[in-house]
Number of protein chains: 2
Amino acid sequence: MTVASATMRLHAMDAWVGDGDVLVDAERLRAILVEAARAGRVTVLEDAFHVFPNGAVTGVLLLAQSHLSIHTWPELAMANVDLLTYGDVDADAVLDVVRTRLGITRSTVSCLVRAGG
Amino acid sequence: MTVASATMRLHAMDAWVGDGDVLVDAERLRAILVEAARAGRVTVLEDAFHVFPNGAVTGVLLLAQSHLSIHTWPELAMANVDLLTYGDVDADAVLDVVRTRLGITRSTVSCLVRAGG
C-alpha cells in the first residue's frame, strides 16, 4: 500500500449513457457495480437496491473500504456514481469498469480528499 | 420547491466527536440517521449496515432523494457522513441533527453540485 492509496477519497462521477436501457435494470446495475468493485480490489460486504416507479434505480454496495453507489435518471440518460474508498483500492479501475459496462459517452469526476485513518 | 432546492447536491461531512461510544453503536447510528432524514424532509426507503471487527460501522440509508451514508472511525473518534439529495430537502437540517446527536465537536463539509433532474 502506498501512502497515497491509504488516503480516504470520495470520487463523485456524473455520467451520460448512449443507451438508457441499462439505467432501469437493477440486476444488471448490481452486477456491473460488483464487477467494478472486484476490478478495483474492493471487497463487497452487502448491498441494497431500490427501483422507483419510473424505473430509476438507487443502489449501494457496502464495501470493506466504504461504499459504491449509483442513482440513475432514465429520463436524462444519466447516472450519479459515488465511490468512497480507503486503502489499497484502484478507484480508476472501478470507474473504468462502470464507464465501459454502462456504455458511458461522457462523464465528469470530482475527487475529494476526506479525513480518515 | 425552489429552483435552488431542485438541484442535485452532494454534502460530504467529516466529523469529530467528543465521545466515541456512539461510533460503534450501529443501532443508535441507524436511529440518528433516520431522525436526521426526517428532519430534512427526506423519505427513507431501505437501509444497510455493517459492523467491522474493531466496532467501526458502515451504514447507508437509501432515500427517495438518493442516499445518506456514514462510515465511522472509532480509533480516530471521527466519521464520514455523505448526503446526496435532490428536490425539496433541507440538507442543513439533516446535518444539524447528525452533528447534535453524534456530539460532534468539529466538522468540515464540502458541497458538490451534481448533474441530475
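How many aromatic pairs does the structure hold over all chains? There are two, and this tour of a predicted model starts with them.

**Stop 1: the aromatic pairs**

Select A:Trp73 and B:Tyr86. The ring centres of A:Trp73 and B:Tyr86 are 5.1 Å apart and the planes stand at 80°, so the pair is edge-to-face. A:Trp73 belongs to strand S4 (residues 66–73) of chain A, while B:Tyr86 sits in the loop between S5 and helix H2 (91–102) of chain B, so two chains are joined by this pair. A:Trp73 is buried, at a relative accessible area of 11%. B:Tyr86 is partly exposed, at 22%.

Now select A:Tyr86 and B:Trp73. Here the ring centres lie 5.0 Å apart with planes at 80°, so this pair too is edge-to-face. The pair crosses between chains: A:Tyr86 is in the loop between strand S5 (78–85) and helix H2 (91–102) of chain A, and B:Trp73 is in strand S4 of chain B. A:Tyr86 is partly exposed, with a relative accessible area of 24%, whereas B:Trp73 is buried, with 10%.

**Stop 2: the interface**

Show chain A and chain B together. About 2,700 Å² is buried between chain B and chain A, and 67% of this area is on carbon and sulfur atoms. Chain B brings 35 residues to the contact and chain A brings 35 residues.

How many salt bridges are counted between chain B and chain A? The count is four. To see a salt bridge, select B:Arg114 and A:Asp82, whose side chains meet at 3.0 Å, N to O.

Next, colour the side of chain B that touches chain A by element. The elements giving two or more residues to this side are strand S1 (8–17), strand S2 (44–51), strand S3 (57–63), strand S4 (66–73), S5 and strand S6 (104–114) of chain B. S1(B) supplies the largest share, six residues. Coloured by class instead, this side of chain B shows 21 nonpolar, ten polar and four charged residues.

**Stop 3: B:Asn80**

Select B:Asn80, in strand S5 (residues 78–85) of chain B. Is B:Asn80 buried or exposed? B:Asn80 is buried, with a relative accessible area of 0%. The side chain of B:Asn80 makes a polar contact of 2.8 Å with the side chain of B:Asp14.

Then show what surrounds B:Asn80. Apart from neighbours within four places in sequence, the residues in contact with B:Asn80 include A:Met8, A:Leu84, A:Arg114 and A:Ala115 from chain A. Among those from chain B are B:Met13, B:Ser69, B:Ile70, B:His71 and B:Trp73. B:Trp73 was selected at the first stop, as part of the pair with A:Tyr86.

**Stop 4: A:Thr72**

Finish in chain A. Select A:Thr72, which is in strand S4 of chain A. A:Thr72 is buried, with a relative accessible area of 5%.

Which residues is A:Thr72 in contact with, leaving aside its neighbours within four places in sequence? They are A:Leu23, A:Leu29, A:Ala56, A:Val57, A:Met78 and A:Ala79. A polar atom of the A:Thr72 side chain lies 2.8 Å from the backbone oxygen of A:Leu23. The side chain of A:Thr72 also reaches the backbone nitrogen of A:Val57, at 2.9 Å.

Terms used:
Residues are numbered from 1 along each chain as its sequence is written. Chains are lettered from A and ligands numbered from 1 in the order in which they are written. This is a predicted model: local features need pLDDT of at least 70, side-chain atom pairs count only at pLDDT 80 or more; totals for chains, interfaces and linings use all residues. Side-chain values use heavy atoms; hydrogens and water are left out. Helices (H or I, at least four residues) and strands (E, at least two) are DSSP runs, numbered from the N terminus. Buried means under 20% relative accessible area, exposed over 50%, partly exposed in between (1.4 Å probe, protein chains only). A polar contact is a pair of N or O atoms within 3.5 Å; within protein, one must be able to donate a hydrogen and the other to accept it, and residues adjacent in sequence count only if both atoms are side-chain atoms. Contact means heavy atoms within 4.5 Å. Buried area is the accessible area (1.4 Å probe) that two parts lose on being put together, summed over both. Ala, Val, Leu, Ile, Met, Phe, Trp, Tyr, Cys and Pro count as nonpolar, Asp, Glu, Lys and Arg as charged, and the others, Gly among them, as polar. Rings of Phe, Tyr and Trp (its six-membered ring) pair if their centres lie within 6.5 Å; planes under 30 degrees apart count as stacked, over 60 as edge-to-face and the rest as tilted.
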